[in-house]
Amino acid sequence: MIQKVEMYQAVCDRCGKTLLNNLRNPIVFNSKEYLEGVLSERDWREIDGHLYCPYCVEYDEETDSYKPKGKK
């Protein structure tokens, strides 16, 4: 049987990269809540409704918060 399933994957809104496993393969989750927990453990950030990988954000000491790096 072939069955349609709903899965969740993290994609950076700046660079387009996905969350990868140790073998450098994209990974997907069957629960949005579980994915959000993994993202926080791996330093992904949601800023103003957009998702950013650790390479696309920087810490702003003036505002004491993270912000997206300049546009590519």
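Select Cys12 to begin; this residue lies in the segment before α1. The model is a predicted one, in which local features need pLDDT of at least 70 and side-chain atom pairs count only at pLDDT 80 or more, while totals for chains, interfaces and linings use all residues. Residues are numbered from 1 along each chain as its sequence is written, and side-chain values use heavy atoms, with hydrogens and water left out.

Is Cys12 buried or exposed? Its relative accessibility is 3%, and Cys12 therefore counts as buried (buried means under 20% relative accessible area, exposed over 50%, partly exposed in between, with a 1.4 Å probe and protein chains only).

Next, display the residues around Cys12. Beyond its neighbours within four places in sequence, Cys12 is in contact with Lys17, Trp44, Leu51, Tyr52, Cys53 and Cys56 (contact means heavy atoms within 4.5 Å). Of these, Cys56 may be selected together with Cys12: the pair is separated by 44 residues in sequence and by 8.1 Å in space, C-alpha to C-alpha.

Now select Ala10, Leu19, Leu39 and Trp44. Within the largest nonpolar core, which has 15 residues, these four touch the most other members (a nonpolar core is a set of buried Ala, Val, Leu, Ile, Met, Phe, Trp, Tyr and Cys residues joined through side-chain atoms within 4.5 Å). At least two residues of this core come from each of α1 (32-41) and β2 (50-52) (helices, H or I with at least four residues, and strands, E with at least two, are DSSP runs numbered from the N terminus). The greatest contribution to this core is that of α1, with three residues. In soluble globular proteins, nonpolar side chains tend to be buried together.

Centre the view on Leu19. Residues up to four places away in sequence aside, Leu19 touches Ala10, Asn25, Pro26, Ile27, Phe29, Leu35, Val38, Leu39, Arg42 and Trp44.

Finally, show the whole chain as a cartoon. Along the principal axes, the C-alpha atoms fill a box of roughly 55 × 25 × 20 Å. Of the 72 residues, 22% count as buried.
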